[in-house]
Amino acid sequence: GFAAICLFLTVPECTRRFRSTDHRTLHSINARTAFYTMAVGALVKSCAKMLDCTEQSDSTSTLDVLPDTVCWHGFHGELLAPLGGFGLIFYAVLVPLKLFLHLLDSAKDGEWSEDELEKHAWLILKVRNRSNLPLV
């Protein structure tokens with residue numbers, strides 16, 4: 001379930017056929033962006049926990065959230081660490097980059113159309129409320 005929500009969050013076009021109007025499409029993109037910005041801290045923290053190891057007195061490193069799991073070997077090295085690393089890159093770099101590029105593309109003409117405002121309202125309003133600078 002959570003993976004499906006994250007997929008819809010990062011790839012709005014996946015749900016286009018389920019919506020009947022452009023207004024609903026734009027509203028859905030804005031809602032997923034809002035969901036992502038509220039969840040990004042928890043998502044990144046969850047991924048980081050998959051890489052957070054502590055060295056023990058016997059010189060082995062164990063995963064903090066699963067103290068019986070030896071880091072970088074077996075289950076951790078084959079599945080948990082690669083998933084944690086991919087998740088960190090995905091949530092902390094790729095998704096914000098995609099959002100930034102969409103905003104940059106929408107703002108390149110210096111004007112925000114009604115559709116662009118509706119699609120990016122969550123981000124635009126957050127920036128405008130924190131700054132006196134014009135959004136260009």
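**Reading the Bonds, Burial and Helices of a Predicted Chain**

Mentor: A search of the whole structure finds one salt bridge. The structure is a predicted model, in which local features need pLDDT of at least 70 and side-chain atom pairs count only at pLDDT 80 or more, while totals for chains, interfaces and linings use all residues. Residues are numbered from 1 along each chain as its sequence is written, and side-chain values use heavy atoms, with hydrogens and water left out.

Trainee: What makes the contact of Asp105 and Lys108 a salt bridge?

Mentor: A salt bridge requires a side-chain nitrogen of Lys or Arg within 4 Å of a carboxyl oxygen of Asp or Glu. The N to O distance between the side chains of Asp105 and Lys108 is 2.9 Å, so the pair meets the definition. In general, side chains of opposite charge can pair when their charged atoms come close.

Trainee: How do you know whether Asp105 is buried, partly exposed or exposed?

Mentor: Buried means under 20% relative accessible area, exposed means over 50%, and partly exposed is in between (1.4 Å probe, protein chains only). Asp105 has a relative accessibility of 46%, so Asp105 counts as partly exposed.

Trainee: Why are Cys53 and Cys71 called a disulfide?

Mentor: The term applies to a pair of cysteine sulfur atoms within 2.5 Å. The sulfur atoms of Cys53 and Cys71 are 1.9 Å apart, so the pair qualifies. The search of the whole structure finds one disulfide.

Trainee: How do you know which helices and strands the chain has?

Mentor: They are DSSP runs, numbered from the N terminus: helices are H or I runs of at least four residues, and strands are E runs of at least two. The chain comes to five helices and two strands, and from the N terminus on the elements run α-α-β-β-α-α-α.

Trainee: What makes the largest nonpolar core a core, and which residues belong to it?

Mentor: A nonpolar core is a set of buried Ala, Val, Leu, Ile, Met, Phe, Trp, Tyr and Cys residues joined through side-chain atoms within 4.5 Å. The largest one here has eight residues: Tyr36, Ala39, Leu43, Cys47, Tyr91, Val95, Leu99 and Leu123. Cys47 shows the burial requirement: its relative accessibility is 9%, so it counts as buried. In soluble globular proteins, nonpolar side chains tend to be buried together.

Trainee: Why do Leu97, Phe100, Leu101 and Leu104 form a patch?

Mentor: Patches are made of residues with over 30% relative accessible area and no salt bridge; like charges are joined within 9 Å, and nonpolar side chains (Val, Leu, Ile, Met, Phe, Trp, Tyr) within 5 Å. Phe100, in helix α3, has a relative accessible area of 49%, so it passes the accessibility limit. The four residues form a nonpolar patch on the surface with about 390 Å² of accessible area together, a value from the Shrake-Rupley method with a 1.4 Å probe, where for residues only the protein chains shown count as cover.

Trainee: How do you know that Ser106 is buried or exposed, and which residues does Ser106 touch?

Mentor: Ser106 has a relative accessible area of 7%, so it is buried. This residue of helix α3 touches Glu111, Trp112, Glu116 and His120, not counting residues up to four places away in sequence; contact means heavy atoms within 4.5 Å.
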